[in-house]
Amino acid sequence: MDFSYSDKVERLRAEIGEFVARGIAPSMATWERDVAAGNAHPQIVEDLKRAARDAGLWNLFLPALRDDEPGTALTNLEYAPLAEIMGRVIWASEVFNCSAPDTGNMEILHLFATGEQRERWLSPLLRGEIRSCFAMSEPDVASSDATNIRTAIRRDGDHYVINGRKWFISGAAHPLCRFAIVMGVTDPDGEPHRQQSMVIVPIDAPGVQVVRNIPVMHHLTPEGHCEIVFRDVRVPRANLIHEEGAGFAIAQARLGPGRIHHCMRSIGQSELALELMCQRASERKSFGRYLHQHANVGDWIAQSRIEIDQARLLVLKAAWIIDRHGAKAASKEIAMIKALVPSVQTRVCDRAMQVFGAMGLSPDTPLASLWTWGRVLRIADGPDEVHLRTIARKEIDAARQRHVETLRESR
Ligand SMILES: Cc1cc2nc3c(=O)[nH]c(=O)nc-3n(C[C@H](O)[C@H](O)[C@H](O)COP(=O)(O)OP(=O)(O)OC[C@H]3O[C@@H](n4cnc5c(N)ncnc54)[C@H](O)[C@@H]3O)c2cc1C
């Protein structure tokens, strides 16, 4: 495996770095002010989106991007270091049309959309004109197990009728959000992994009610993590994605690349936290010495560097396997990075906050906000424990297989 950056990637890293430094970083105060004033979609984001698209820094996350679609197609391995740079500012990936949950939805639609769905929903998403959300989790069931999902999607002539309650649906409060991909049950008597289907539901369809934007650890994000009720919502049968019973399989396909993108951005956030930790430890003194000269602080810096580099290598390995053999073949590595990277991120941010003292807990550094996001990722897109379970099962399967082969050879 060769993880060195090609000339093309080096060029794109320089361009994205420059764009973030010259375009996004100077706009952070404006963005913060607008969002604090209740504007969930500051104009500055649209201005920057236009500039990013003109510069070709657009839809970089989608290896299958077609020539007639806007943007630059990259492999996962090529995209990883770019997502790392974007991750340093919490809203930057939207500027490059690379933000969740749209990226996962674009991937699904890219794979399965009919001509009509492509025209109405995928094309405007790829152009960055609209946004979307993905509605799977429900308050009434353990949603880390997708077979538990209960929202009903009942066929009625040429329509589906949807009834259910979803929550923590990211992006549903974004002013540009136009549709949700909703997972629900079309065949309650079917085999557990074939009961669910996915349908496209316009967010303004009669019966869709965004009940509330749920604060996460007392933090209210402008685009929202929303509770949504679907009450007798009717959509045409043409809004079904792929086929009835494919919901579980599509959810698995969707979450693979989505998880790796989150991890790539988290590595960038960990790097930022380490940079800040080093700066602070080099300029502030207590008890006659710089903070980094206290042995424990030096250890925190060293441990952070080791953990970040380990995590990055594992993320790149997962990206390499996806590129070569597809997301399914990388399922163990994807579970490994999802179980690992958010923990590394929160640990590094936690050490950095400690080095900053009281300031580390304030909004005067991005650390508290980065830590909160890292903590979220230990649950969102599947809790750590579920990923550990996946890894353990695969290890046991492999051990059994080895045992069988050894027995066969010894006969
Ligand atoms: C900020 C945020 C944004 C989100 N965005 C979205 C979104 O856009 N769309 C969407 O559909 N969902 C979203 N979610 C929901 C998220 O995907 C679910 O919360 C997650 O899958 C866990 O489901 P749950 O909350 O029902 O926890 P449960 O399934 O009830 O699990 C609770 C706990 O039980 C333990 N547990 C569960 N299974 C096992 C196991 N096999 N072994 C050991 N322990 C286990 C774990 O500790 C787990 O944390 C978001 C969540 C958050 C916090």
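This briefing describes the domains, the ligand shell and selected local features of one protein model. The model is predicted, so local features require pLDDT of at least 70 and side-chain atom pairs count only at pLDDT 80 or more, while totals for chains, interfaces and linings use all residues. Residue numbers start from 1 along each chain as its sequence is written. The domain assignment gives domain 1 (7-126), domain 2 (131-240) and domain 3 (249-402); such bounds come from an automatic or database domain assignment.

**Ligand shell**

- The ligand is surrounded by 23 residues, of which Met136, Ala142, Ser144, Pro383 and Glu385 are the closest; a residue is near a molecule if its C-beta atom, placed from the backbone, lies within 6 Å of it.
- Domain 2 (131-240) and domain 3 (249-402) each contribute at least three residues to this shell.
- At least two shell residues come from each of strand E1 (131-135), strand E3 (159-170) and helix H12 (384-410); helices (H or I, at least four residues) and strands (E, at least two) are DSSP runs, numbered from the N terminus.
- The shell comprises 14 nonpolar, 6 polar and 3 charged residues, where Ala, Val, Leu, Ile, Met, Phe, Trp, Tyr, Cys and Pro count as nonpolar, Asp, Glu, Lys and Arg as charged, and the others, Gly among them, as polar.

**Strand E1**

- E1 is largely enclosed by the rest of the structure, because 5 of its 5 residues are buried; buried denotes 20 or more other C-beta atoms within 10 Å of the residue's own, exposed 12 or fewer, and partly exposed the range in between, with C-beta atoms placed from the backbone.
- Arg131, Cys133 and Ala135 are buried on one side of E1, and Ser132 and Phe134 are buried on the other.
- E1 pairs with strand E4 (residues 177-185) in the parallel sense over 5 bridges, where pairing requires that DSSP finds at least two bridges between the strands.
- Within E4, Ala180 is the bridge partner of Cys133.

**Contact between domain 1 and domain 3**

- The C-alpha centres of domain 1 and domain 3 are 22 Å apart.
- Their contact involves 19 residues from domain 1 and 22 residues from domain 3; two residues are in contact if their C-beta atoms, placed from the backbone, lie within 7 Å.
- On the side of domain 1 that touches domain 3, H4 and helix H6 (102-112) are the elements giving two or more residues, and H4 gives the most, with 8 residues.
- That side of domain 1 has 10 nonpolar, 6 polar and 3 charged residues.

**Packing of H4 and H9**

- Helix H4 (residues 76-87) and helix H9 (residues 295-325) have axes that come within 8 Å and cross at roughly 145 degrees; the axes are lines fitted to C-alpha atoms, for helices over the stretch in contact, and angles run from 0 to 180 degrees between N-to-C directions.
- Asn76, Leu77 and Ala80 of H4 meet Val315, Leu316, Ala319, Trp320, Ile322 and Asp323 of H9.
- The residues of this contact are 7 nonpolar, 1 polar and 1 charged.

**Local backbone features**

- Ala100 and Pro101 are joined by a cis peptide bond with omega of about 0 degrees, and Pro101 is placed in the loop between helix H5 (92-95) and H6.
- Asn97, also in the loop between H5 and H6, has a positive phi near 55 degrees although it is not a glycine.
- Asn97 counts as buried because it has 25 C-beta neighbours inside 10 Å.
- Phe287 lies in the loop between strand E8 (285-286) and strand E9 (289-290), and its phi is positive, at about 50 degrees.
- Phe287 counts as exposed, with 7 C-beta neighbours inside 10 Å.
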